[in-house]
Amino acid sequence: MTAPAPHPDGATAVLVIADGALVAEPGAAPATPDRARGATAVLAIDGAIVRVGDPDEVAADPRAAAARRVSWSGRAMVPGTVNTHNHSFQSLLRGIGDDLPFLVWRDRALYRYSPRLDAEGMATAALFAFGEMLLHGVTTVCDFYYLNRQGNDHASATIEAARRLGIRIVLARCFYDWSGAPEAYRETVTQAVGNFEALARRYHDRTRFLVSVQPAPHSQHGASAAMIEAGAGCARDAGVPWHIHLAEEHYQVDQSLARFGARPLHAVAALPVDLSQMIAVHGCWFDAGERALLAERGGALAYCPGSNMFLGDGVTDLVDLVARGVRVGLGTDGGCSNNRVSVFDEMRTAALLQKVHRTDGQAIDAETCFALGTRTAGAVLQLPVGRIAPGYRCDLVALDLADPSLWPVQALEKNVVYSLSPRAVTDVMVDGQEVVAARRLCHVALDEIQSRVRHVTSDWRRD
Ligand SMILES: [Zn+2]
């Protein structure tokens with residue numbers, strides 16, 4: 001890869017020029033859909049977009065004089081996609097426990113193999129999951145991380161793997177104390193808080209946002225009330241959001257009613273926690289009262305339609321949540337419950353699932369689903385990512401306009417969501433640096449990842 005050219009004032013500038021783009025119109029409100037336009041240039045300084053427009057005009061900007069130039073001719077640039085929910089280690093379990101009942105899968109695959117992973121194995125999983133994501137145009141991934149073994153070695157290995165590849169990461173460090181889970185998942189409240197704070201001190205990046213650390217009490221079944229309160233408290237102290245799985249499967253509603261006398265979101269809302277900073281994951285079984293409460297309190301949702309369908313969980317009422325103004329971001333979930341890792345794919349899946357669920361082809365449109373995988377997903381994670389506009393980080397994906405999956409190209413806004421083939425993703429940039437070029441990872445060889453995955457999983461079986 002070419003070394004970045006130094007800017008006269010010490011900053012690093014890059015000028016990216018493509019034949020087409022999906023960008024925000026100047027001064028567009030957050031809710032305004034991105035629009036397709038022809039030849040477009042983006043100028044970024046130190047990884048932040050400072051100008052977007054016609055190539056001649058942007059190139060004439062004095063700040064572009066010493067910029068490194070990247071030409072994406074024959075390609076359209078779109079915002080890098082944002083994956084709000086994933087478990088990287090689960091990519092290693094792909095295909096190992098598919099099509100089994102949940103408890104059988106959990107005991108025979110998840111609980112059998114995952115505790116065997118050491119920090120080196122977790123790095124392999126992260127290189128595999130994040131490398132495959134980059135090749136599919138994911139530029140930010142949130143890894144909900146619960147295999148901590150009472151320390152930070154695993155989470156650190158995962159962050160270092162993300163850094164090697166060049167992907168932007170949110171490490172959602174889990175708070176987990178359910179005694180029925182493997183010991184590798186469990187911590188005391190004191191351990192979880194101490195480890196979260198140490199990890200954030202070491203890695204949380206408030207300048208370029210390349211690494212963020214956010215707390216993640218696992219769920220109502222995986223975390224006690226004290227653990228959920230501790231996670232939300234760490235989020236408040238650090239000024240970041242917190243994540244929690246809620247109402248994924250119907251039995252979890254029944255359990256919540258039995259244990260707490262309230263449905264999942266109402267039970268969590270009864271705790272001393274700030275729902276405006278909460279990112280609920282899934283919410284398949286939120287009823288109208290819970291959806292209204294989520295909107296009223298300003299909470300967000302990580303929505304994983306591919307995983308919900310794969311596992312037979314249920315259908316989140318996305319259309320209603322969007323209509324109520326809830327911030328929603330798409331997620332792929334783990335590599336063994338989808339089993340794909342593409343946010344472009346989740347955009348299409350979200351639209352199709354909502355349309356069939358409501359038997360209404362107009363239930364939701366491509367532009368809304370595109371936003372859910374880009375800028376509103378960035379808003380969910382509270383990061384300046386997901387849009388090609390000044391003030392956002394320079395995370396871009398180049399799509400090959402010669403690929404038939406994008407034809408006719410005048411319908412780019414629709415075709416990116418409904419017909420795009422992953423084959424059309426040619427180049428990816430994160431924070432102004434190329435991380436995929438000509439369909440290959442720039443910093444880690446795929447051969448290395450392949451041999452590491454083979455080594456770790458060589459004796460893992462489906463039986
Ligand atoms: Zn999850």
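This is a predicted model: local features need pLDDT of at least 70, side-chain atom pairs count only at pLDDT 80 or more; totals for chains, interfaces and linings use all residues.
Val 211, Val 213, Pro 215 and Pro 217 point one way from strand 9, while Ser 212, Gln 214 and Ala 216 point the other way, and every one of these residues is buried. Strand 9 spans residues 211-217, and with 7 of its 7 residues buried it is mostly covered.

**The whole chain**

Now zoom out. The chain has 16 helices and 17 strands. Its radius of gyration is 21 Å, close to the 23 Å that the globule rule gives for 463 residues, so the chain is as compact as a globular protein of that length. Along the principal axes, the C-alpha atoms fill a box of roughly 65 × 45 × 45 Å.

How much of the chain is buried? Of the 463 residues, 60% count as buried. The accessible surface comes to about 17,100 Å², and 52% of that belongs to carbon and sulfur atoms. As for who touches whom, take the contacts between residues at least 6 apart in sequence: 74% of them join residues at least 24 apart.

Ala 66 and Phe 344 are 278 residues apart in sequence, and their C-alpha atoms are 34 Å apart in space. Ala 66 itself is found in the loop between helix 1 (55-59) and strand 5 (68-79). With a relative accessible area of 26%, Ala 66 is partly exposed.

**Around strand 11**

Strand 11 (residues 278-282) is another enclosed stretch. Why call it enclosed? Because 5 of its 5 residues are buried, strand 11 is largely enclosed by the rest of the structure.

Strand 11 has a partner in strand 10 (residues 242-246), and the two pair in the parallel sense over 5 bridges. His 245 has Val 281 of strand 11 as its bridge partner. Strand 11 also pairs with strand 12 (residues 300-303), again in the parallel sense, over 3 bridges. There, the bridge partner of Ile 279 is Ala 300 in strand 12.

Here, too, a helix comes into the picture: strand 11, helix 9 (residues 288-297) and strand 12 make a right-handed β-α-β unit. Which residues of helix 9 are buried? They include Glu 290, Arg 291, Leu 293 and Leu 294. Seen down the axis of helix 9, the buried residues fall within an arc of 160 degrees, so they line one face of the helix.

Some places are worth a look if you like checking backbone geometry. Most residues other than glycine have a negative phi, and most peptide bonds are trans. The table collects the exceptions described here.

| Site | Feature | Angle |
|---|---|---|
| Asn 338 and Asn 339 | cis peptide bond | omega about 0 degrees |
| Trp 407 and Pro 408 | cis peptide bond | omega about -10 degrees |
| Asp 46 | positive phi | phi about 50 degrees |
| Asp 431 | positive phi | phi near 55 degrees |

Where do these sites lie? Asn 339 is found in the loop between strand 13 (327-330) and helix 12 (343-357). Pro 408 lies in the loop between strand 14 (396-400) and helix 15 (412-418).

The aspartates are in loops as well. Asp 46 has its place between strand 3 (40-45) and strand 4 (48-53), and Asp 431 is in the loop between strand 15 (425-430) and strand 16 (433-437). Are they buried or exposed? Asp 46, at 33% relative accessibility, counts as partly exposed. Asp 431, at 3% relative accessibility, counts as buried, since the cut-off for buried is under 20% relative accessible area.

Terms used
Residues are numbered from 1 along each chain as its sequence is written. Side-chain values use heavy atoms; hydrogens and water are left out. Buried means under 20% relative accessible area, exposed over 50%, partly exposed in between (1.4 Å probe, protein chains only). Helices (H or I, at least four residues) and strands (E, at least two) are DSSP runs, numbered from the N terminus. Two strands pair if DSSP finds at least two bridges between them. A crossover is right-handed if, with the strands pointing away from the viewer, the path from the first strand over the helix to the second runs clockwise. The radius of gyration is taken over C-alpha atoms; the globule rule is 2.2 Å times the number of residues to the power 0.38. Contact means heavy atoms within 4.5 Å. Accessible areas come from the Shrake-Rupley method with a 1.4 Å probe; for residues, only the protein chains shown count as cover. The arc is that of the directions from the helix axis to the C-beta atoms.
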